[in-house]
Amino acid sequence: MKASTLIRLSLRSILRNRMRSLLTTLGIIIGVCSVIVMVAVGEGSQASIRDNISSMGTNLIMITPPRGQNAANRLVIEDVEKIRKEGAYVGAASGVVRSGSTVVGGIGNWPTTVYGVEPDYLRIKEWNTGAGDFFTERDVNTRVKKAVIGTTVAKQLFPDEDPVGKRFRIANTPFDIVGVLESKGSNAMGSDQDDIVMVPLSTAISRLRRSKYLQSIEISAVSEDRMDDAQAEVETILREAHRLGPDADNDFSVMNQAQIIEMASSIAKTLTMLLGAIAGVSLLVGGIGIMNIMLVSVTERTREIGIRLSVGARRRDILRQFLTESVVLSLSGGLIGILLAVGLSHLLEFVGLRAIISPFFILLSAGFAAAVGIFFGYYPAHKASAMNPIDALRAD
Amino acid sequence: MAVIELKGIKRHYAFGEVTVKALDGVDVSIERTEFVAIMGASGSGKSTLMNVIGCLDVPSSGTYILDGLDTSGATDDGLADIRNKKIGFVFQGFNLLQKTTALENVELPLLYDRAGGGRNVEKEARAALERVGLGERLHHIPNQLSGGQQQRVAIARALVTRPAIIIADEPTGNLDTEMSNEIMSLFKELNESGITIVMVTHEADIALWAGRKIVLRDGRVIREEHKTDAAAVRPLPADGGTA
């Protein structure tokens, strides 16, 4: 029997029992839909994390204190100077300290995050000032109390005037505002990147943190294809600066952007897999529903099977007929599920949740739905094909 | 030339310790264009014999040659192909696919014909239905047809593959006298046009339509009657009509 005939026949028998077919496929519809939506939401959050980190600059290398509780932080401002001086593949480098602090000035106060950085920091972050200037290398060396503020801070403290040239206080220390950063907007995770104050690193160390150790050193390589070279080079420089013997472990950790992204998105990835697996179980349950109904259908249609066998259907023909039926059922359920998932993820995006459906994953889930049909349809189809024609013809 | 050649056919069923000998050494030869009635009381083995002739069942021993083809070595698929090409069935309960039009019912055997690529399935099915006088009822489903009409559809389905034999199992069992006569005269007509018919029945008056009676008892042929005079074949006395 031709494939087109088989499909036509199976469609007809599916449509003959519309309500039953719909209820049967509902399991597959829900299963496929939830797998796709779950994975799409997971992919979406991974992409958000990736974008967030990419927005920090394109060829970033980050040095942080070693992970682990008893490892001491030995990153100091001299390390940065050495890296900047000796690193041939290093384009820009800046030490970074951060602290949460309430700034006071203008019309009131505002809780924000204060970054102690060096002028290179702007280059690393691919950022600029929108008004005024950034502080200079000399400002850092002389620990001047200058600050550059983000647009959010500017709006909160100086809504009606130009903040450049004004003075405000961070942790009771007065700072002169020399510039306002360009607005970056909120990042992919929804946090406001303009809610920031930057002061010279040395000033922050002596006035705000009172600790000489850096929270991180951020570096950009001269170009993206020199990332590996820069990373190796920075590692050598730091080992030398910290006088580590050949057998000693690094007392710092170096990560490039790809690694940072990987680390940050690994949780989201695990979550995606977990959600997908749970949704996959519902797909499995849907498959069992199909098997159940196909078994009922085979029993109901015993006489039909007998008739078909008597007019010359081979066992294989019967097997194919019922298998086609269950695959058509599950595949159409899969297609409806896909459409539903696409609609649902648009709805989620509308609500503000990022959901990414890849065409590959759509194909995969369609294929999976068909596989469910074959897997769970095989047993009933086999049962149908193994019938004795004489008994089948005698059935009611 | 014999189209059906049964030699020493036995069909034994084992139920635990007991062996039922449904057929116990049957020798029958049926010539092309014959119209044969197989008769016998229930339990005589006539249904089993019909199943064997129809390749729905395989004898325990003996040889069965159908249309020059020895069926004893045939596989399941082989038997299916024989049923498809050489045999047309007509059953007591019509056995049509429900909710399926007459035309599609008749097309069914052609859909399973593996060698039938390129043949016009619909045209042949239509021709078969016209031959049994249902040219006007192509798109009716069984529920919309009378018993006699349903049996005509079944006959068209049996005819459509141009089989070597048509096997009819109590073809009038579900029909009233008038419809029985209609169906039997249709069989007669088909037989006269050269189609071999093997009919199983337990009704003596229906068997009168056949050219030969084979009577079974306890799995053996106990009697054969040839109707030498073709004119003796006539409708049932009861209807008094002109069949």
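## Domains of chain A

Chain A is assigned two stretches as domains: domain 1 (3–51 + 263–394) and domain 2 (90–222), with bounds that come from an automatic or database domain assignment. Taken over C-alpha atoms, the centres of domain 1 of chain A and domain 2 of chain A are 56 Å apart.

A word on the ground rules: this is a predicted model, in which local features need pLDDT of at least 70 and side-chain atom pairs count only at pLDDT 80 or more, while totals for chains, interfaces and linings use all residues. Residues are numbered from 1 along each chain as its sequence is written, chains are lettered from A and ligands numbered from 1 in the order in which they are written, and side-chain values use heavy atoms, leaving out hydrogens and water.

## Where chain B meets chain A

Contact (heavy atoms within 4.5 Å) links 24 residues of chain B with 21 residues of chain A. About 2,200 Å² is buried between the two chains, 54% of it from carbon and sulfur atoms; buried area is the accessible area (1.4 Å probe) that two parts lose on being put together, summed over both. Of the area that chain B buries against chain A, Asn95(B), Leu111(B) and Tyr112(B) supply 28%, more than any other three residues.

## Salt bridges

Between chain B and chain A there are 6 salt bridges (a side-chain nitrogen of Lys or Arg within 4 Å of a carboxyl oxygen of Asp or Glu). Arg315(A) pairs with Asp76(B) in a salt bridge, with the closest N and O atoms 2.5 Å apart.
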